[in-house]
Amino acid sequence: MAEPVVAAVTATATCSVFAGTDPDGVPVAAVEVARRVGWLSALVAQMSTRLVAERWNRVSLAELATGVDATGRRLPSNGWMALRRLGWTATVPDGVRVSDRVKRIAEEHAARLLRLAVHRDTILRAIVDTWPADPRRRTDTEWTALWAALPATVTRVEVRNRSRHITAYRAEHGRLPASVSEAEQPPRVSGQILLAAADRQQVTIDRDPHQPNTVLLRVLLPAVEQPVSYRDWQWLTLPIRLPGHVPAHASVHVPTLRLVDGRVRADLPWRIPVPVALPVGHRRALGVDWGYNTLLTAVVARTGTDRSGRVRVLTDNRPIAFDATGACAKIQRLRTVREQIHKRLDHYRRLLDDHPDPHLQTKRDTLAAEHAHICARIRRLGQALAWAAARWAIDQALAAGCTAIYLEDLTSMEARGLGRTWNGRLSGHVRGQIIDSLRHLAAKYSLAVVDVPARGTSSGCPRCNRSLRHVAAPDRLTTRGHKWAYCPACQLSCDRDHAAAQRIAARGLLGQEHVARTRAGTNRTTRAIDTPVRAVRDKHHATPRRRSHPKTSRLTPSRRQVPAPATPVTGQRPAGRTPQTRYTGQVPTTKSTPRHPLGRPTSRGFHRHVTATPVTHTRRPVPRLNKS
């Protein structure tokens, strides 16, 4: 058996930097570290902003888009080196002395912004050159000409957004823009320090020999706000504690420093070797469909051949679901409270603009702190939900022996005519976080994640490829609804998301020859191939036999069937359970643990609001590499 191709998977861990030490070993407080990092970030942002503004014109962007310098040599991948090849350098403010490494950091930040502008300018030029006669509706010929002029990695979302931008510019100025520098203002430069552009004379990073889960970042920072000489720069050693999910054998790299709410955050890249997950050659995969309440609905599918030798898609028809109704409802309630507080903050701001009042300012500060606290709760709950859903999907794929996971490509999804509430729900969903977490975990276990076209996955029947009828419930096939799907042709009746997951898996397995690499580095199926999915019994997931005796119900019996209490009561004897006493503040010691309606013990917090299909068993061992 051939050895798998090994590649390095890179991830980023956000860590907090609190305190440090100077070269003499004297401790430096966290406030002082944050102050010095803020001075350096402000200096770098000032230099980058000036460089971007100088080169924000049509000629400079076209020169950068050629990819070669004046001598015809190809520009390097490093941004600061590419700008210096073109003769573009960052200008240091008057009276300030910085090293060449600080200039590199500023030039790297400016190069990334300018290269992104070149990509947008390429799309804008292609759309302007093929501008249709009716901007609201292009013909097939106009679409063909547009896609021929665009790069291969451009998506429909980018075309749609750039077309709307051009339409707005045309309505305001009466003509089409000639370049993105004419249609947009120079971008704002954030205050982050890209230490990866510097060398060891500016920053070093090593593992702490005494604490394996800690790295020592040694960086040269300014000791004053406006350094006028090299003596105003000082080395600081900043210990960074790695999160628990970073393996001990991972190699760490130079981070990016940011200042968030007065604290220093380090985006620390780390890398581990894993076998490469190819986007082709898969015979068993997990198809995943997105939902609003039932967040993920998956199905296991595999390829097979019929008697005539044609490739067919088979599934065991076993529904797998990750139901996060309670967690999503909780996030929505927190968003509602956040909007209410934001309204009050705007009202206080208008009052303070007209009549400044210290008491009113105190109330506004209190509300602002509460608003920040609720935003943090929403953010933490969304992250926990995303990682839990991604971890569940990976476990289900490994347990079923799958080598690929197929998802809907919902980058072009937008709500139209549904009102502000539905738009807010869709935009605030954790779907993007789940995708990022899923790709990260899948790379660690050598699972390929491929996006398939989403159009028609919920409207077509997975058995006969005809149109489905969406009804309210399986016993209400004549009532229009959203959750249940019924096919009048083949009499299929199943959950709508379950039917869509089967079509997603079929499109992914049959479209492996049409997988392309996007500009973002993801795999995407460019062609949707639909075929009837056949439901077969999987020997690895055998269905239990039906019992001869009827199954006992877990529901509480009616009041008439329960014996009355033995204690004498005044008046007519009641029927039913023994009356419960009211809570008096004392917790009874004999009280049993409350149970979930599905038989799972209840608990407080996040896991009380999420119900998922359990992982059954593992078909094959997970491929792992030696830590060496």
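The expected span of a helix is 1.5 Å times one less than its number of residues. Helices (H or I, at least four residues) and strands (E, at least two) are DSSP runs, numbered from the N terminus. The structure is a predicted model, in which local features need pLDDT of at least 70 and side-chain atom pairs count only at pLDDT 80 or more, while totals for chains, interfaces and linings use all residues. Residues are numbered from 1 along each chain as its sequence is written, and side-chain values use heavy atoms, with hydrogens and water left out.

Helix α4 has 30 residues and should span 44 Å at 1.5 Å a residue; its end C-alpha atoms are 42 Å apart, which agrees. Just after α9, G401 takes a positive phi of about 75°. Helix α4 is mostly covered, as 22 of its 30 residues are buried. Here buried means under 20% relative accessible area, exposed means over 50%, and partly exposed lies in between (1.4 Å probe, protein chains only).

Nonpolar cores were then examined, a nonpolar core being a set of buried Ala, Val, Leu, Ile, Met, Phe, Trp, Tyr and Cys residues joined through side-chain atoms within 4.5 Å. The largest nonpolar core has 47 residues, and I105, L257 and W270 have the most contacts inside it. At least two residues of this core come from each of β1 (6–17), α1 (30–54), α4 (100–129), β4 (192–194), β5 (203–207), β6 (214–222), β7 (233–241) and β10 (263–275). Helix α1 gives the largest share, seven residues. A second, separate core has 46 residues, among them I320, I378, A386 and A389.

The structure holds 25 salt bridges, a salt bridge being a side-chain nitrogen of Lys or Arg within 4 Å of a carboxyl oxygen of Asp or Glu. One of them joins the side chains of R35 and E32, at 2.3 Å from N to O. Both residues lie in helix α1, three residues apart, or about one turn of the helix. An α-helix has 3.6 residues a turn, so residues three or four places apart point the same way. R35 is partly exposed, at 37% relative accessible area.

A salt bridge also forms between R84 and E107, whose closest N and O atoms are 2.8 Å apart. This pair links distant parts of the chain, with R84 in helix α3 (residues 79–85) and E107 in helix α4, 23 residues apart. R84 is partly exposed, with a relative accessible area of 28%, whereas E107 is buried, at 0%. R84 and E107 also belong to a network of salt bridges that links them with D100, R101, R104 and D199.

A further salt bridge joins the side chains of D495 and K483 (3.6 Å, N to O). D495 lies in strand β20 (residues 493–495) and K483 in the loop between β18 (476–480) and β19 (484–486), so the pair ties together parts that are twelve residues apart in sequence. D495 is buried, with a relative accessible area of 19%, and K483 is partly exposed, at 34%.

Positive phi values were also found in residues other than glycine. Phi of N317 is near 60°; this residue lies in the loop between β13 (311–315) and β14 (320–323) and is partly exposed, at 35% relative accessibility. Phi of S446 is likewise near 60°. S446 lies in the loop between α11 (431–444) and β16 (448–453) and is buried, with a relative accessible area of 15%.

R431 lies in helix α11 and is buried, at 13% relative accessible area. R431 and L296 are 135 residues apart in sequence, yet their C-alpha atoms are 9.9 Å apart in space.
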